[in-house]
Structures are given as C-alpha cells and as structure tokens.
Amino acid sequence: MLNVDDLFKGRHFDREIIVLCVRWYLRYKLSFRDLVEMMAERGLSLAHTTIMRWIQRYAPEFEKRWNRFARPVGQSWRVDETYVKIKGRWTYLYRAVDKEGKTVDVLLRAKPDVAAAKVFFRRAFRGQGRLPHKITLDGYQASHRAASEVLGEHPEGNRCEIRSSKYLNNLIEQDHRSIKLRLGPMLGFKRFRRAATTIAGIELMHRIRKGQFKLDKLRVKYKTAPEIWNAVLAA
C-alpha cells in the first residue's frame with residue numbers, strides 16, 4: 001500500500017482538495033458541476049471531468065484504507081437486491097445488512113440470477129471471514145438456491161439457517177433508500193465499471209455514517225472530519 005504522500009503524488013491540486021471533493025460527492029446530493037461551482041467560490045478552477053476521474057481513482061483506495069478499521073458485523077443477515085440503471089438498462093445491486101442495520105457487503109451485477117447471487121455470497125463470506133448464523137431472504141428462489149449452494153461449499157455451512165421473511169427484510173429495504181437517494185441526482189450511469197466504483201464509494205460513506213469503523217487507536221475523538229480522514233489515510 002502506497003504511503004499517503006505517494007498516493008497523491010503528481011496531482012495538480014492539494015490532497016485536501018481531492019479528498020474533500022471525493023468525500024462530498026459520495027456523501028451529499030451534489031453533481032460534478034455543483035462541486036465545480038463550490039470550488040470556484042474558493043478560488044479553484046476545476047473541470048467536472050477532473051472530479052469524475054478523482055472518484056474513479058480514489059474511491060477504491062479510500063475504501064481499502066477505511067476497511068482496515070472495520071468493525072465486525074453481526075451474524076444474522078438480511079439480503080436483498082435493488083435496481084440501478086446503467087446506460088438505460090436496469091442492473092442489480094445485491095446488498096446485505098445485519099439485524100442492527102450495519103452493512104455487510106454490496107455487489108453490482110448485470111443480471112439477478114443464481115450465478116450473480118453466488119458471487120455475492122462468496123464475496124460476503126470471504127469479506128467477513130466467517131459464516132453467518134442466519135440469512136433472511138425475500139421469496140426470490142435464485143437467491144435461496146445460491147445461498148444454499150455456497151453454504152454447501154463450507155464444512156459448517158449446514159449450521160446457517162436460510163429463511164424467508166418479508167417483515168424482517170423491511171430493514172434492508174429501508175436501508176436501500178439511503179443509497180437510492182444519493183443515486184437519484186446522478187441521473188444514471190454510462191459505464192458499468194464506473195457505476196460499481198461510485199456505488200462502492202457511496203456505500204463506504206454510508207458505513208462511516210453508521211459508525212462501522214473503530215478508530216480508537218488513531219485518537220481522533222473530537223477531531224473534525226478532514227482530520228479524521230487524514231488520520232485514516234495516513235495510518
């Protein structure tokens with residue numbers, strides 16, 4: 001992993017400006033041109049394509065660095081998929097949260113089939129380093145089959161209960177809203193990879209807002225958001 005100075009080496013703008021633009025775009029209902037105007041009030045001349053490139057370059061790096069401080073989630077998961085439009089076509093965003101609403105994992109896929117769901121479950125299990133005790137799904141059979149088959153790949157997979165409950169899955173359906181509210185002003189994506197990168201960044205900001213990171217050893221209590229970000233990136 002590059003040190004924080006090398007990460008921003010060669011850029012025409014200071015690190016603080018890049019982090020601020022990326023962070024604000026992913027967190028708030030702002031367009032690229034909104035940010036261009038806001039930076040202009042600070043005496044900075046930016047093109048909206050510059051901010052777009054920053055999102056694609058730095059959002060994955062920020063996610064990787066924050067993940068070093070991620071708290072473990074609970075072992076009762078709610079899994080569901082929602083829709084994202086890319087170049088006029090609907091794609092599918094698989095998402096999982098625990099029973100406290102903490103984000104487990106997310107994955108954007110082109111189709112909502114068994115293969116896509118299996119990729120999601122394998123990624124979620126690997127990311128958490130352990131299997132959940134319960135997985136709550138909706139009535140979509142492809143997800144049930146995928147969860148069962150992926151659990152079957154693990155010696156202790158039969159200890160995980162797969163169940164269907166619309167009432168219990170209201171939790172994740174409500175959680176979808178925070179992501180959809182941010183995606184709305186973006187008016188759709190043109191490329192799948194850019195969409196996946198941007199959504200992962202939005203989900204990172206959502207996790208930060210939920211308090212899913214343990215930063216005690218960085219001693220950032222009572223620090224401002226820029227100071228916290230500097231500490232995480234530099235750690």
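This is a predicted model: local features need pLDDT of at least 70, side-chain atom pairs count only at pLDDT 80 or more; totals for chains, interfaces and linings use all residues.
Let me begin with the architecture. The protein contains 9 helices and 5 strands. Read from the N terminus, the order of these elements is α-α-α-α-β-β-β-α-β-α-β-α-α-α.

I turn next to overall dimensions. The C-alpha trace spans about 60 × 45 × 30 Å along its principal axes. How does the radius of gyration of the protein agree with that of a compact globule? For 235 residues, a compact globule would have a value near 18 Å, and the protein has 19 Å, so the two agree. Buried residues account for 46% of the 235 residues. If we take contacts between residues at least 6 apart in sequence, 65% of them join residues at least 24 apart.

Most residues other than glycine have a negative phi. Where do we find K87, a residue with a positive phi? K87 has a phi near 50° and lies in the loop between β1 (76–86) and β2 (89–98). Is K87 buried or exposed? Its relative accessible area is 65%, over the 50% cut-off, so K87 is exposed.

R219 also has a positive phi, near 55°. R219 sits in the loop between α8 (192–210) and α9 (225–234). With a relative accessible area of 74%, R219 is exposed.

Conventions: Residues are numbered from 1 along each chain as its sequence is written. Side-chain values use heavy atoms; hydrogens and water are left out. Helices (H or I, at least four residues) and strands (E, at least two) are DSSP runs, numbered from the N terminus. The radius of gyration is taken over C-alpha atoms; the globule rule is 2.2 Å times the number of residues to the power 0.38. Buried means under 20% relative accessible area, exposed over 50%, partly exposed in between (1.4 Å probe, protein chains only). Contact means heavy atoms within 4.5 Å.
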